[in-house]
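I opened a new structure today and kept notes as I went. Here is what I looked at.

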Amino acid sequence: MMAKFSHTELFCLVARNSFVRPYRALRYCAAFLLVALLAAAAAASPTLTAYFLDVGQGDATLLVGPDFTILIDAGRHDRADVVPHLEALGVTAIDLFILTHPHADHVGQCAAVVRRFPVREAWLAGSEHATLSYERCLDALLETGAGYHEPRAGEVVELGAARLEVLHPAELVGDLNNDSIAVRVVYGDVMLLFTGDAEAEAEAAMLARGLPMRAHVLHMGHHGSRTSSTAAFLAAVLPEVAIYSAGLGNSYGHPHAEALARVAAVGAVIYGTDVNGTIRVTTDGRTYEVVPERGGPLAGPSAELRVSAPAEDMPREPIAPVAGMCGPEQVDINSAPAEQLTRIVHIGPALAERIIALRPFTSVADLLRVPGIGPARLADIDAQGLACASASGD
Ligand SMILES: [Zn+2]
Ligand SMILES: [Zn+2]
């Protein structure tokens, strides 16, 4: 950066002392300075931005780096929103197109994407599946001559400034979800994990393989389904941010409360495309920022800029509520104002008012006195670990 500025100063100095007429020299100088500034800004902080696109009840995630563009999955078969999303984000070509598995909510608009943008290489698990979406996807890839690869666990691929570590599958088991391609994307010190629709079986297989799985950002498997995001898997990944892709009011009930509670229990902040729209995660390789299109996180200690942990896979202690005490990040049910109470899982404005009316509470479990909070919700609140009840409560 300093070198660029001194070059500019040198150029401006030369221009001033040259035979070029002064006003023209000034113009050259200003133009050069602008170019140098832009170049310096670009060089100072090359970033990776991951867009968890809001494509209804399906997956499509775009990763744009300084020298690469990756698309993971291509939305639903009965919508046409992926190409417009990519166009709006300025995509002109795709270096790597990962299709995690052949279900129609992941390969739905694959053919449309391939026909619209040049694709350098496509990764598919290699599963046999004869839906129309998948057939069209394969036909389109064949027509355009995109590279084709079936990645397997343990492969590591450098793509520009990013490193892709394949965590799954090692071999196909014949179950489409559990044969999903899982990839950890490493950008500097920041790691993002994508597992398609991998369920408990695939998560257990990944754990058994012993490859590094720690990630700051986890794309929750299978749209936040209870079949995925098992406690053991989460204990290995230890995400700080968990994001699921699901459509509002979908018929599967995704995301499932059990999966959200497990993720909250490891202290992760949760976002979902159904609630937050398209969610953008930007990182310079050291820190990262989560910016949802609308709303705030569903659960978690904080939605502010998060500073990444050191590069090594450091285990973190989840925030544990202590009886009669409140941690600095916790919400005291005996004193917090209504808008803070709504950060607690299941607590909306109406329940917050009821909590305030029924104070004081002897413990978090005492919330059972509040009409609308039953044992299941209390279990989720406990698992989230955000609520606490101060002993002195007034
Ligand atoms: Zn799916
Ligand atoms: Zn699936």
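Predicted model: local features only at pLDDT ≥ 70, side-chain atom pairs only at ≥ 80, totals over all residues.

My entries below cover a sheet, a hairpin and a helix.

I picked out strand 8 (residues 162–168) and strand 9 (residues 182–187). They run antiparallel, and 5 bridges join them. I found Val166 opposite Val183 in strand 9.

**Hairpin.** I moved on to strand 14 and strand 15, which form a hairpin with 3 residues between them. In the turn, Gly285 has a positive phi of about 95°. Strand 14 (residues 279–283) runs antiparallel to strand 15, with 5 bridges joining the two. Val281 stands opposite Val290 in strand 15. I also compared the faces of strand 15 (residues 287–292). Tyr288, Val290 and Pro292 make up the covered face. Thr287, Glu289 and Val291 make up the uncovered one.

**Helix.** Which residues of helix 6 are buried? In helix 6 (residues 200–209), I listed Ala202, Glu203 and Met206. They lie on the same side of helix 6, because they cover an arc of only 100° around the axis. What do the buried residues pack against? I found strand 8, strand 9 and helix 7 (231–237) as the partners of helix 6 here.

Key
Residues numbered from 1 in each chain as written. Chains lettered and ligands numbered in written order. Pairing = 2+ DSSP bridges. Helix = DSSP H or I, 4+ residues; strand = E, 2+ residues; numbered from the N terminus. Buried ≥ 20, exposed ≤ 12 C-beta atoms within 10 Å, placed from the backbone. Arc of directions from axis to C-beta. Contact = placed C-beta atoms within 7 Å.
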